[in-house]
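Hi everyone, thanks for making time this morning. Let me put the structure up on the screen, and then we can walk through it together.

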Amino acid sequence: MPLPADYHTHTPLCRHAVGEPIELAAQAASLGIREMGFSDHNPMPRDDFDNWRMRADQLDEYVAKVEEARRAHPGLTIKLALEVDFIPGYEHWIRELASRHPWDYFIGSVHYISPSWDIDNPSKLSEWKKRDPLEVWTAYFERLTMAAESGLFEIIGHADLCKKFCFYPRGDQAALFKDFIRAAKDHRVAIELNTAGLRKDCREIYPSPTILQMAAQAQVPITFGSDAHAPEEVGLNLAEAVQLARGAGYTSWVRFTQRRAEEVKL
Ligand SMILES: [Zn+2]
Ligand SMILES: [Zn+2]
């Protein structure tokens with residue numbers, strides 16, 4: 001069986017990745033991957049919002065680079081996408097971005113749980129130490145639920161990013177996930193199996209087996225992504241993610257073309 005599509009990859013425009021789209025595509029092709037998508041971090045209305053995304057005036061350049069990779073690798077299906085921060089109040093901006101190019105999908109991700117705290121940012125680890133993990137996880141999943149309900153995204157990114165640095169709430173966490181899973185089911189939003197978690201302190205694919213099992217039971221569709229920030233990370237651990245998905249009962253993933261879903265056998 002060929003690997004499923006790698007739908008989560010970054011480019012140097014986000015200022016913390018290496019390898020141009022053409023190089024990432026070459027890596028995908030060499031691994032026998034038939035389909036991939038570029039999903040770099042979306043620009044914000046203000047370029048000084050933070051320092052880990054492209055500027056607004058680089059969006060056309062980003063699209064041109066993805067198109068260049070398409071031309072160089074005609075045997076590989078390459079999707080045009082963005083990983084978009086879901087922050088309440090920016091819905092209008094996200095719709096504006098959506099209207100600018102023929103996107104195949106938007107991955108909605110929560111990194112910020114307050115205007116100034118991106119919880120996965122290693123330079124802000126001290127914020128975690130000041131708080132009860134349960135409070136942070138609760139705020140994170142409330143936002144993730146809003147993202148799933150927003151109608152702005154086809155896929156929700158790294159659904160339990162809050163585990164990245166191993167600040168876990170005590171006791172059973174399943175109650176935290178319930179509303180999110182219901183929102184994903186009701187709004188037909190996919191979740192991704194994101195293998196970058198294996199390369200972080202948590203050493204576990206996003207999302208956890210518990211969330212994946214709840215998603216499978218609710219028949220929430222899935223995609224796969226390496227969250228590659230370098231060519232050698234393309235497709236990384238995707239085979240392991242497929243095993244995990246099969247173990248949870250999944251027999252298909254979803255492909256997105258111009259924001260329409262199509263089921264593909266796993
Ligand atoms: Zn992300
Ligand atoms: Zn990412």
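Let's start with Asp48 and Arg46, whose side chains meet in a salt bridge at 2.6 Å, N to O. By salt bridge I mean a side-chain nitrogen of Lys or Arg within 4 Å of a carboxyl oxygen of Asp or Glu. Both Asp48 and Arg46 are exposed; the cut-offs are over 50% relative accessible area for exposed, under 20% for buried and partly exposed in between, with a 1.4 Å probe and protein chains only.

A word on the ground rules: this is a predicted model, where local features need pLDDT of at least 70, side-chain atom pairs count only at pLDDT 80 or more, and totals for chains, interfaces and linings use all residues. Residues are numbered from 1 along each chain as its sequence is written, chains are lettered from A and ligands numbered from 1 in the order in which they are written, and side-chain values use heavy atoms, leaving out hydrogens and water.

Back to the salt bridges: the whole structure has 19 of them. In one, Asp118 pairs with Lys124, with the closest N and O atoms 2.5 Å apart. Here Asp118 is buried at 1% relative accessible area, while Lys124 is partly exposed at 23%. Another joins Glu127 to Arg131 at 2.8 Å between the closest N and O atoms. Shared partners then link Glu127, Lys130, Arg131 and Glu135 into one network.

Now for the metal site. Which residues hold the zinc ion, ligand 1? Its protein donors are Glu83 (OE), His111 (NE2) and His158 (NE2), 2.1 to 2.2 Å away. Donors here are N, O and S atoms within 2.8 Å of the metal (3.2 Å for Na, K and Ca), and with water not among the atoms, sites may look incomplete. Glu83 also bridges to the zinc ion that is ligand 2, the two ions lying 3.5 Å apart. His111 sits in the loop between strands S3 (105–109) and S4 (112–114), and His158 in the loop between strand S6 (155–156) and helix H6 (174–186), so the pair ties together parts 47 residues apart in sequence. Helices (H or I, at least four residues) and strands (E, at least two) are DSSP runs, numbered from the N terminus. Both His111 and His158 are buried.

Last stop, helix H2, residues 59–72. Its buried residues are Leu59, Tyr62, Val63, Val66 and Ala69. The face turned away from that buried side carries the exposed residues Asp60 and Arg71.

Conventions: Expected span 1.5 Å × (residues − 1).
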